[in-house]
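Work through the exercises below with the sequence and the 3D view at hand, and try each task before reading its solution.

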Amino acid sequence: MKKHNNLFVSLLVGAMLGYLLYYYFFMEVLAIFFTDGFFYLAISIAFLIMSIIGCSAIIYAVLQRRIKRWMFILLSTTYIFAMLITLFGRSQVGRIAVVNPWIGLSEMTNIEMLVESALNLVLFIPVGFFFKNKKMRNVVLCAFVISIGIEAIQYVTMRGIFDTLDIILYVAGTIIGALIFRKIDLKIE
């Protein structure tokens, strides 16, 4: 019975998160690379399905506290690919830097900004898996360096805005992920 409940929860939450990931990130990126028409529609549907399946599989593995090695490799590869597309696949926006995180926080009354910020936080929770056995100060330091690197690359390549609020959200997501995976003790079989 528990396995069926975990499957139901995984599919339900995975469908919601997968759709949000698709809607707020992949739709924008796909529009850059593909024009309207059947091919765009087919690729768009494929990305939506992959987003939902990927999110559901990750949640199911976490709830079951074990995952097959091949599935872990597949999900990790897909996750890294999705992160690269999400973080660097946007159209050029210019070199914009928002160094005051209060500016982003003041825009949280806008539902789209709130959802995008929540997704930035959630997007980095899986990164915490790779730091679950590290001391907390090392987790924070590594997450900070990775976050600064991502934002710097976005600034230099003009593929996003250098935003200190994003850095805070990435670090927080990584810390939350490390704490979650310390408690869950996910076994790779």
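**Exercise 1.** How many salt bridges does a search of the whole structure find?

*Solution.* This is a predicted model, in which local features need pLDDT of at least 70 and side-chain atom pairs pLDDT 80 or more, whereas totals for chains, interfaces and linings use all residues. Residues are numbered from 1 along each chain as its sequence is written, and side-chain values use heavy atoms, without hydrogens and water. With a salt bridge defined as a side-chain nitrogen of Lys or Arg within 4 Å of a carboxyl oxygen of Asp or Glu, the search finds three. One of the pairs is Glu 189 with Arg 66, at 3.8 Å from N to O. Glu 189 lies in the segment after β4 (187–188) and Arg 66 in strand β1 (residues 66–67), so the pair ties together parts 123 residues apart in sequence; strands are DSSP runs of E of at least two residues, and helices runs of H or I of at least four, numbered from the N terminus.

**Exercise 2.** Find which helix gives the largest share of the nonpolar patch.

*Solution.* The surface patch consists of Phe 8, Val 9, Leu 12, Met 16 and Leu 63. Helix α1 (residues 2–33) supplies the largest share, four residues, while Leu 63 has its place in helix α2 (residues 38–64).

Definitions and conventions:
Patch = residues over 30% accessible without salt bridge, like charges linked within 9 Å, V, L, I, M, F, W, Y side chains within 5 Å. Areas by Shrake-Rupley, 256 points an atom, 1.4 Å probe, with all protein chains shown as cover.
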